Amino acid sequence: MRRKVFSIFLAIFILLTTVFIPSNEKVEAASATLQYNLTGSTKNLAYSETPYGKHGKLHVDGIYLKDSHNEKYQLRGASLHGLQWDVGYNYISKASFQSLRDEWGVTAVRLPVYVTQGGYTEGAASAMDTRIQNAVKYATDLGMYILIDWHVHDAYGNPANPNTWKSQATSFFEKYAKMYKDYGNVLFEICNEPVSSPWYEGHSNDLYSYANSIVGVIRKYTDAIVIAGTNTWSQQPDQVIGHKLSYKNVMYTVHFYAATHIGGDGNWVYDNVKKALNNGVPVFCSEFGICDASGNGSYNIDSANKWMSLFDQYSISYFCWHLSNKGESSAYLKSSCSKKSGWTNNDLSTTGAWFVNVNREREAKEKPSGPVTVYNGTDYSKVYDFNYYISKYSDMAKYYKNDSSGALKHFVEHGMAEGRQGKSTFDVKSYMNMYPDLRMNFGKDLKKYYIHYINHGAREGRVATGVTTIQKPITKLNGVDYSKVYDFNYYINKYADMKKYFANDDIGALKHFVEHGMAEGRQGIGSFELSSYKNLWADLRKAFQNDNKKYYIHYMNHGYKEGRRATGAAKLVNPTTVYNGVDYSKVYNFNYYINKYPDMKKYYANDDYGAIKHFVEHGIREGRQGSENFNLQVYRANAKDLQKYYGFSNDKNYLYYNHYMYHGYKEGRRAK
């Protein structure tokens with residue numbers, strides 16, 4: 001909204017430095033006849049054909065705004081009026097925005113969030129929040145850009161210094177930067193029209209200090225384009241020379257009203273813009289009109305066209321003030337028009353007709369863009385190509401043949417996690433197979449491999465295709481190296497279930513081996529066989545008994561270095577005869593015991609500790625013969641003296657075995 005009250009000094013300054021246009025010298029619709037036929041209808045555009053669908057997230061490069069294809073891009077913006085008033089919020093609708101997009105050639109909408117005048121800091125925050133969020137949703141759905149404008153404005157006769165509302169601005173932009181951090185189509189304007197606030201004076205009350213602080217808040221969440229207001233109603237971008245903010249993606253405003261700020265060399269505002277551009281300051285026009293600076297009164301279309309020529313020369317984006325039927329020169333619609341969308345030629349004012357002509361002319365000349373490769377600020381072109389993706393997958397062709405933005409969104413949100421190939425030069429399975437360092441870090445999180453290649457792998461020259469088998473399979477898990485007892489290829493080829501589940505997953509296979517395979521006694525490498533290692537080393541059997549995992553760990557940590565043999569032993573060596581500190585060798589021999597009794601061989605063929613435990617705890621009571629040198633029935637039958645004391649009860653059998661071990665053997669008594 002244009003200022004209604006001018007200070008005497010500034011009014012004189014403007015009069016002295018501009019060309020006076022008498023109020024009756026108004027260039028009316030004859031010079032701004034609408035050159036296009038507005039039907040009031042809209043188009044069913046594929047998202048890829050919308051402004052954002054074609055151009056993606058924007059960034060600043062030097063003095064230029066560029067799209068996701070790194071091409072210069074000029075936003076064609078329509079500004080609403082203050083969102084606290086019906087003249088502003090009445091036009092927040094999907095239908096309204098779609099009419100602007102489809103018939104007016106508009107690519108972006110500006111939301112003036114008035115700080116004062118009954119606005120955000122004066123009781124209207126809640127209602128305005130709802131309107132902002134609705135507007136962003138509609139613009140996003142339509143693939144349009146949207147500029148959220150903290151509309152600082154001189155009010156109540158006081159010049160506007162944005163530092164006055166710095167704390168409120170901090171909270172506002174904290175909220176919306178966080179809310180829209182993943183929205184590539186949202187831009188932020190951090191103060192509308194500062195007055196009497198020089199850009200840089202090296203203190204906390206200048207515009208530089210304010211902008212540096214607010215952009216810092218926004219940058220905690222997003223690198224979206226930020227527009228910083230300049231002094232004297234945003235007419236002095238040249239003051240920024242030598243004092244640009246250090247943050248990326250920041251541009252600096254110019255506002256002009258064509259009947260007051262005459263386009264062409266010699267006008268101070270026009271010259272300020274050229275000076276700023278020539279000194280590397282990126283300029284953005286977030287508000288202008290073809291009438292005078294009050295927002296009403298005379299038009300000067302010739303001046304406005306000269307401004308547009310300058311903007312075209314430098315691809316400067318522009319937002320025209322304003323969409324409403326307010327009954328003033330800057331309104332797009334005639335005061336008699338009550339429509340909120342679907343406008344036709346007769347509904348437009350001089351400003352509206354001129355604005356449509358300007359947009360449609362530039363829309364027709366806009367350079368076609370290729371399929372979108374940028375999504376939420378990340379360029380996926382190293383791993384994704386639209387035409388490849390839809391030609392490789394029939395379901396993608398079915399749903400996204402004419403929607404490159406939709407295809408890219410699917411690829412990012414679903415395709416990468418599914419391991420889909422988005423480009424001939426990058427195959428995530430090959431990339432995984434090739435690099436153990438990536439498998440160690442990312443495991444099965446496929447999306448991370450794509451992101452790594454985008455950010456690092458391509459630049460490092462890493463191979464990303466043609467690798468069908470896992471290279472340098474991983475042998476370390478949780479800091480432990482299992483290479484002495486485990487080899488990936490051996491493990492998956494030895495066991496069909498391992499090959500079924502882990503043929504292309506060395507981490508999964510190793511994890512299975514460590515967490516299950518060792519306990520199950522599975523062989524993980526040709527040079528280590530659990531049964532042989534157990535058979536060969538009685539000291540280990542004594543220490544570990546049936547705790548299989550401990551044999552693997554012992555070999556890794558000690559046995560390998562000690563040169564212990566770990567293969568080729570089908571039979572136990574030196575089977576134990578000791579149980580709970582008692583040596584049963586006089587009445588027990590492992591091989592005799594398991595060979596005499598089929599059930600013993602079935603369960604204890606390679607378990608001398610299990611066998612002797614069974615013999616002591618069960619076999620003796622059952623009268624089983626544990627050695628060819630001792631037969632219970634023979635010993636008892638020939639020991640009449642023992643029968644008297646021990647009797648014939650099975651519960652007393654152990655007494656005969658013990659007697660022989662400790663006395664009978666030495667006494668030479670008959671036992672077989």
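Analyst: Let's start with confidence: the mean pLDDT of the protein is 92, and 95% of its residues reach 70 or more (pLDDT is the predictor's confidence in each residue, from 0 to 100). This is a predicted model, so local features need pLDDT of at least 70 and side-chain atom pairs count only at pLDDT 80 or more, while totals for chains, interfaces and linings use all residues. Residues are numbered from 1 along each chain as its sequence is written, and side-chain values use heavy atoms, with hydrogens and water left out.

One stretch needs care: over residues 1-30 pLDDT stays under 50. Where pLDDT is low, the predicted coordinates should not be read in detail.

Now the setting. Eight strands close into a barrel with parallel pairing, in the order β3-β4-β5-β6-β7-β8-β9-β10. Two strands pair if DSSP finds at least two bridges between them; helices (H or I, at least four residues) and strands (E, at least two) are DSSP runs, numbered from the N terminus. Neighbouring strands of this sheet are turned by 25° against each other on average, direction ignored. As an example, β6 (residues 186-189) and β7 (residues 226-228) pair in the parallel sense over two bridges, with F188 opposite V226 in β7.

On to your helices. Helix α10 (residues 301-314) packs with helix α11 (residues 350-365) at an angle of about 25°, and their axes are 12 Å apart. (Axes are lines fitted to C-alpha atoms, for helices over the stretch in contact, and angles run from 0 to 180 degrees between N-to-C directions.) That angle is why α10 counts as roughly parallel to α11, a label for angles under 35 degrees. Their crossing is right-handed, meaning the near helix is turned clockwise from the far one by less than a right angle.

Which residues meet there? From α10 come I301, A304, N305, M308 and D312, and they meet T350, W354, V358 and R362 in α11; contact means heavy atoms within 4.5 Å. By class, the contact of α10 with α11 has five nonpolar, two polar and two charged residues. Here Ala, Val, Leu, Ile, Met, Phe, Trp, Tyr, Cys and Pro count as nonpolar, Asp, Glu, Lys and Arg as charged, and the others, Gly among them, as polar.

How values were computed:
Parallel < 35°, antiparallel > 145°, perpendicular 65-115°, else oblique.
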